[in-house]
Each structure stands twice: as structure tokens, then as C-alpha cells.
Amino acid sequence: MTDHVDGNALAGILSELFREDMTTATARCAHCGDVSVLATAMVYDAAPGWCVRCHVCEDVLMTFVRAGERLRIDLRGVTALEVGSTNAVRS
Ligand SMILES: [Zn+2]
């Protein structure tokens, strides 16, 4: 792994992922391993953001925090996020 390009190379693949309706994306819970579409998650309004919990184990999947024009997303509770039939992001 000596040759690399900078993160700008991700522009295409990330725009492919996030142009989808993300409520139909599947997410794998880092805690229990459940794989479900995000539409089944439990969302709690926790101004200034939202907390998204697994519908099986209730552990936190992701959080969204809005600060003015900025939006911060923490995905540490998701080990895989998949849209479409062949596109997947794994961590
Ligand atoms: Zn879970």
C-alpha cells in the first residue's frame, strides 16, 4: 500500500452512495449485527440533532447534530451501510 491518491478520489463513489434514498439503505448494527433498512430504526429527536437506535438491541447506530449550516454525522454504531444491489461501504 505505497501508492495512493487523496480523498478527492472518493467524490464519485460517495455521491453514488448519498444520492440514494438512504431510508432504504441497509445498515449493520455494530452491537448486535442486525442488518435492516434504516426505515426500521428508532429515531429520537434530541435537538439540536437526532439519535438513531437499532430496532433490535436499541444501541446507537448514528447521531446527527446540526450546528448552523453544518451537519455532523457520527456513524460509529454502523459497521456496514449498503445501497442498491452492489454498492456497499464497510468499516
Ligand atoms: Zn442492534
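**Sheet, hairpin and core in a predicted model**

Good morning. The structure contains an open sheet of four strands, arranged in the order 3-4-5-6 and paired antiparallel. Please keep in mind that this is a predicted model. At the edges of the sheet lie strand 3, residues 42-46, and strand 6, residues 70-74, and each of them pairs on one side only. On average, neighbouring strands here are turned by 15 degrees against each other, if direction is ignored.

Let us look at one pair within the sheet. Strand 3 and strand 4, the latter covering residues 49-53, run antiparallel and are joined by five bridges.

I turn next to strand 1. With strand 2, residues 35-37, strand 1 pairs in the antiparallel sense over three bridges. Arg28 stands opposite Val35 of strand 2. The hairpin formed by strand 1 and strand 2 has five residues between the strands, and Gly33 in this hairpin takes a positive phi near 85 degrees.

Strand 1 also runs antiparallel to strand 7, with four bridges joining the two. Thr26, for instance, has Glu82 in strand 7 as its bridge partner.

Which residues make up the largest nonpolar core? They are eight: Ala25, Ala27, Cys29, Val52, Cys54, Leu61, Val78 and Leu81. Strand 1, residues 26-29, and strand 7, residues 78-83, are the elements that give two or more residues to this core. In soluble globular proteins, nonpolar side chains tend to be buried together.

Finally, consider Cys29, a member of that core. Beyond its neighbours within four places in sequence, Cys29 is in contact with Asp34, Cys54, Val56, Cys57, Asp59, Leu61 and Gly77. Thank you.

Technical notes. Residues numbered from 1 in each chain as written. Predicted model: local features only at pLDDT ≥ 70, side-chain atom pairs only at ≥ 80, totals over all residues. Core = buried A, V, L, I, M, F, W, Y, C linked by C-beta atoms within 7 Å. Buried ≥ 20, exposed ≤ 12 C-beta atoms within 10 Å, placed from the backbone. Contact = placed C-beta atoms within 7 Å. Pairing = 2+ DSSP bridges. Axes fitted to C-alpha atoms, helices over the stretch in contact; angles between N-to-C directions.
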